[in-house]
Amino acid sequence: MGLGKHLKDPDSTNNDKQGGGNVFTWEEIQRHTNKNDQWLVIDRKVYNITNWTKRHPGGIRVISHYAGQDATEAFTAFHPDSTFVRKFLKPLLVGELSASEPCHDHDKSATIVQDFRNLRDHAEKEGLFQAKPLFFCLHLGHILLLEVLALLLLWTCETNWTSTLLCCVILATSQSQAGWLQHDFGHLSVFKKSRWNHLLQKFTIGHIKGASACWWNHRHFQHHAKPNVIRKDPDINMLHMFVLGDTQPVEYGIKKLKYLPYNHQHKYFFFVFFHIQNLKTMFSHRLWEDVAWWITFQIRYFLCYVPFFGFLGSVLLLSGVRFLESHWFVWVTQMSHISKDIEYDNHQDWLTMQLNSTCNIEQSAFNDWFSGHLNFQVEHHLFPTMPRHNFHRIAPMVRALCKKHGLSYEVKTLGQGFADVVRSLKKSGNLWLDAYLHK
């Protein structure tokens with residue numbers, strides 16, 4: 001959903017009459033799912049979001065993914081200040097669910113939904129959504145220190161292969177850690193005021209990393225809203241480079257689609273490089289504010305490194321940094337998702353959907369730092385606005401809730417997570433090959 005940008009408070013004087021006394025069944029609501037006619041439900045209230053989708057600060061797609069469905073849990077998960085956001089829902093109100101209708105669509109478990117809501121209420125009372133400013137200040141400080149260290153290395157040592165490779169590793173580390181920090185700001189989990197989160201995210205991802213905040217947010221919010229859901233989660237839309245899960249490879253095989261030799265995808269996965277799409281999106285969608293931040297990164301980077309390497313050498317150094325950073329990012333994010341269920345939308349409740357598509361990596365000081373606390377992927381997906389330093393506190397409660405309802409709560413070692421990436425790609429590639437040759 002992602003309502004978090006600066007929005008003027010709507011005039012609510014005429015909104016209380018919106019919706020009248022209209023009541024609807026789920027069957028009626030589920031007819032409104034096409035691009036030009038979209039309804040959804042939040043806390044039994046029915047909203048027509050057709051015209052709002054284009055204005056939605058979190059992006060047109062993330063809110064559209066819940067057309068015809070109950071979006072209460074997603075709405076709560078994405079909006080820290082729901083009272084403020086509800087003011088913008090009032091003009092969209094068209095009625096409410098009939099009293100004879102259940103609160104949730106598609107036979108979702110009311111018990112699981114209520115127990116998870118109780119857990120969230122408990123977490124809020126325990127202050128687990130309150131950020132520690134010192135934690136994030138220290139994290140930003142260590143990123144800036146790494147940037148300075150890379151320059152000092154070149155300043156004090158002779159520029160050779162050893163110092164260049166070491167500089168490349170230091171910069172890739174800085175860039176990766178900056179990626180985790182901008183991720184915190186993007187989820188509005190650091191400051192109470194959304195505008196400060198947005199500003200610091202743009203500084204971190206734009207100036208420190210040279211990437212687009214809008215590109216990241218509009219993709220990432222969809223991933224959280226419908227993780228591992230085919231046609232809704234952009235993280236599994238691999239632009240025909242890979243086929244994932246058990247369903248997509250068979251579909252490609254039956255249709256005789258062979259953009260690449262997918263039975264070898266577990267081998268060429270090691271050459272992944274995602275920054276090209278980022279640049280393409282910035283310019284094709286005319287994200288000029290993001291382009292301006294990207295330009296400040298380019299100016300700073302080349303001013304710092306052209307004196308040591310020249311222009312071409314600096315470009316090659318940056319390419320090396322991007323290659324290492326891309327791998328760091330992709331392996332960390334995919335080790336918690338790619339081996340889990342990848343299917344079409346099954347309309348599951350929030351807790352079940354997130355658990356079926358995510359898993360955790362064992363906690364340790366190194367794993368916490370290396371992954372930006374995304375080794376607590378389950379907790380992060382359940383509570384995306386929770387500051388990451390509190391994931392370890394909510395984790396035992398999540399495990400207890402899963403045990404109560406017989407839901408799988410999977411935890412792997414870091415090595416197992418990496419190995420499962422390769423195994424999953426190989427399995428999916430073989431499924432594609434079998435369908436391609438025999439179906």
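User: How many bridges join β3 to strand β4 (residues 45-48)?

Analyst: Strands are DSSP runs (E, at least two residues; helices are H or I, at least four), numbered from the N terminus, and two strands pair if DSSP finds at least two bridges between them. Here β3 and β4 run antiparallel and are joined by 4 bridges; valine 41 stands opposite valine 46 in β4, while leucine 40 has tyrosine 47 of β4 as its bridge partner. This is a predicted model, in which local features need pLDDT of at least 70 and side-chain atom pairs count only at pLDDT 80 or more, whereas totals for chains, interfaces and linings use all residues. Residues are numbered from 1 along each chain as its sequence is written, and side-chain values use heavy atoms, with hydrogens and water left out.

User: What do β3 and β4 form, and which residue in the turn has a positive phi?

Analyst: The two strands form a hairpin with 2 residues between them, and aspartate 43 in that turn has a positive phi of about 50 degrees.

User: Why is strand β3 (residues 37-42) described as largely enclosed?

Analyst: Buried means under 20% relative accessible area, exposed over 50%, and partly exposed in between (1.4 Å probe, protein chains only). In β3, 5 of the 6 residues are buried, so the strand is largely enclosed by the rest of the structure.
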